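Let us read a protein model together, one feature at a time.

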Amino acid sequence: GGSADKDGAVAGGALAPRELDSVAVDELEKLLSIPLDSLALRVLELDHYSDLLTFLPWDNRRQVAVVMLNAVLNSGTNLTDIGQIKEMLSIITPLIQDEPSGADNAAGGADGGVSRTTN
């Protein structure tokens, strides 16, 4: 990535995760969870949804992942697109692995602790 400016934006428009206070963490978790009941898998189509998750501490990301999985199960939607599958696995990473060692409180390392597979 590029270097972050004073507002946390990185050259190229990406967001650089930074530590949030507890009120902001709680509100962001709610904000990311609200659309799940009605949109389920379609949240993966929202711009910056996954990027916003990287601002949450690992435990809060785990909570959003649980809400997402429940919403997807309740919707009966099938994962058929490889891009959606990769994105979903990325979002539920906190449920299937421990927080990466050396991760700070706000995000799991340089990539936000999100494991992305490239093939």
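The dialogue below goes from confidence to fold, then to side chains.

Q: What should I know before I start?
A: This is a predicted model, in which local features need pLDDT of at least 70, side-chain atom pairs count only at pLDDT 80 or more, and totals for chains, interfaces and linings use all residues. Residues are numbered from 1 along each chain as its sequence is written, and side-chain values use heavy atoms, with hydrogens and water left out.

Q: What is the mean pLDDT of the chain?
A: First the term: pLDDT is the predictor's confidence in each residue, from 0 to 100. Here the chain has a mean of 78, and 70% of its residues reach 70 or more. Over residues 1-12 the pLDDT is below 50. Residues 105-119 also have pLDDT below 50. Where pLDDT is low, the predicted coordinates should not be read in detail.

Q: How many helices and strands are there in the chain?
A: Helices (H or I, at least four residues) and strands (E, at least two) are DSSP runs, numbered from the N terminus. This chain has six helices and zero strands. Along the sequence, the pattern is α-α-α-α-α-α.

Q: Which residues of helix 5 are buried?
A: Buried means under 20% relative accessible area, exposed means over 50%, and partly exposed lies in between (1.4 Å probe, protein chains only). In helix 5 (residues 82-91), the buried residues are Gln84, Glu87, Met88, Ser90 and Ile91. They sit on the same side of helix 5, because they cover an arc of only 160 degrees around the axis. That arc is taken from the directions from the helix axis to the C-beta atoms.

Q: What covers the buried residues of helix 5?
A: The cover includes helix 3 (49-53), helix 4 and helix 6. Over the chain, buried residues make up 36% of the 119 residues.

Q: What does Ala71 touch?
A: Contact means heavy atoms within 4.5 Å. Ala71 lies in helix 4. Leaving aside residues up to four places away in sequence, Ala71 touches Leu36, Asp37 and Ala40. Ala71 is buried, with a relative accessible area of 5%. The C-alpha atoms of Ala71 and Pro35 are separated by 9.6 Å, although these residues are 36 apart along the chain.

Q: How many salt bridges are there?
A: Side chains of opposite charge can pair when their charged atoms come close. The rule for a salt bridge is a side-chain nitrogen of Lys or Arg within 4 Å of a carboxyl oxygen of Asp or Glu. The count comes to two. One joins Glu27 and Lys30, at 3.4 Å from N to O. The other pair is Asp59 and Arg62, with the closest N and O atoms 2.6 Å apart.

Q: Where do these pairs lie in their helices?
A: An α-helix has 3.6 residues a turn, so residues three or four places apart point the same way. Glu27 and Lys30 are three residues apart in helix 1 (residues 22-33), so about one helical turn separates them. Asp59 and Arg62 are three residues apart in helix 4, again about one turn. Glu27 is partly exposed at 43% relative accessibility, and Lys30 at 48%.

Q: Which residues form a nonpolar patch on the surface?
A: Patches are made of residues with over 30% relative accessible area and no salt bridge; like charges are joined within 9 Å, nonpolar side chains (Val, Leu, Ile, Met, Phe, Trp, Tyr) within 5 Å. Val66, Leu89, Leu95 and Ile96 form this one, with about 330 Å² of accessible area together. Areas come from the Shrake-Rupley method with a 1.4 Å probe; for residues, only the protein chains shown count as cover. Val66, in helix 4 (residues 58-75), is partly exposed at 34%.
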